[in-house]
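Subject: A structure for you to explore

Hi there,

Here is the structure I promised to pass on. Have a look at it first, and then read my notes below.

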Amino acid sequence: MTVIKYIWISFIILLVSCTDNLSLKDTGSWIKLTEGQYIDGYFIYNNEVYGSYVTCPQEYKCCEPLQGVDIESFQVCEGTVYAKDKNFVYYPISIICEDAENWSLCYFEDYIVKNATPTNFIYLGDGYGISGKRLFFEGKDIQWDDDLIKKYE
């Protein structure tokens, strides 16, 4: 009976000691946006988040806000183009640009990072992020690479 008890205790300790993101540290600087603030293509206007590259805030009226964003928990990882809230991780995967004679506007069309969990998403550096045992490069889920991960440990 004591052997089985020892095995169970060892198993529980092993489960508790496992972490989702190994020994990796988040190198990003996550900033909560406020009304009128613009960081790396993200902008809050009239209590909605926009994803666009524009020259002035008034141009945001020409594009639609990002859908499904929880504005209360939304934050941008400065200098990386990654963002997250309590529901999703964001990255401008597909950008649409429109040009006219006197203006141009580029806005995020595809921006939800699929298979990324915001509660455990960390920015590694150089466009790489990790969520659990999933690796992302510039918002796209890529094959796990132990050698690459070791570079950031």
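Two strands pair if DSSP finds at least two bridges between them. As background, strands of a sheet pair through backbone hydrogen bonds, either parallel or antiparallel.

Before you go further, please keep in mind that this is a predicted model, in which local features need pLDDT of at least 70 and side-chain atom pairs count only at pLDDT 80 or more, while totals for chains, interfaces and linings use all residues. Residues are numbered from 1 along each chain as its sequence is written, and side-chain values use heavy atoms, with hydrogens and water left out.

How far can you trust it? The pLDDT is the predictor's confidence in each residue, from 0 to 100. The mean for the protein chain is 85, and 81% of its residues reach 70 or more. Over residues 6-21, however, pLDDT stays under 50, and the model has 8 contacts beyond four places in sequence for that stretch. Contact here means heavy atoms within 4.5 Å. Where pLDDT is low, the predicted coordinates should not be read in detail.

Now for the whole chain. The protein chain has 2 helices and 12 strands, and along the sequence they follow the pattern α-β-β-β-β-β-β-β-β-β-β-β-β-α. Of its 153 residues, 39% count as buried; buried means under 20% relative accessible area, exposed means over 50%, and partly exposed is in between (1.4 Å probe, protein chains only). Among contacts between residues at least 6 apart in sequence, 46% join residues at least 24 apart.

Let's walk through some of the strand pairs.

- β3 (residues 42-45) and β4 (residues 48-53) pair in the antiparallel sense over 4 bridges, with Phe43 opposite Tyr50 in β4. Their hairpin has 2 residues between the strands, and Asn46 takes a positive phi near 50° there.
- β4 is also joined to β8 (residues 104-112) by 2 bridges, and these two strands run antiparallel. Tyr53 stands opposite Cys106 in β8.
- β5 (residues 75-77) and β6 (residues 82-84) run antiparallel and are joined by 3 bridges. Cys77 has Tyr82 in β6 as its bridge partner.
- β9 pairs with β10 (residues 128-131) in the antiparallel sense over 4 bridges, and Tyr123 stands opposite Gly129 in β10. These two strands form a hairpin with 2 residues between them, where Asp126 in the turn has a positive phi of about 55°.

Why is strand β9 (residues 121-125) described as largely enclosed by the rest of the structure? It is because 5 of the 5 residues of β9 are buried.

Tyr107 is partly exposed, with a relative accessible area of 22%. Leaving out residues up to four places away in sequence, Tyr107 touches Gly51, Ser52, Cys63, Ser94, Ile95, Ile96 and Glu98. Tyr107 and Cys62 are 45 residues apart in sequence, yet 9.6 Å apart in space, C-alpha to C-alpha.

How many salt bridges does a search of the whole structure find? It finds 2, where a salt bridge is a side-chain nitrogen of Lys or Arg within 4 Å of a carboxyl oxygen of Asp or Glu. One joins the side chains of Lys114 and Asp110 (3.7 Å, N to O); Lys114 is exposed at 55% relative accessibility, whereas Asp110 is partly exposed at 28%. Asp141 forms a salt bridge with Arg134, with the closest N and O atoms 2.7 Å apart. Asp141 is partly exposed at 32%, and Arg134 is partly exposed at 38%.

Enjoy exploring, and write back with any questions!

Best wishes
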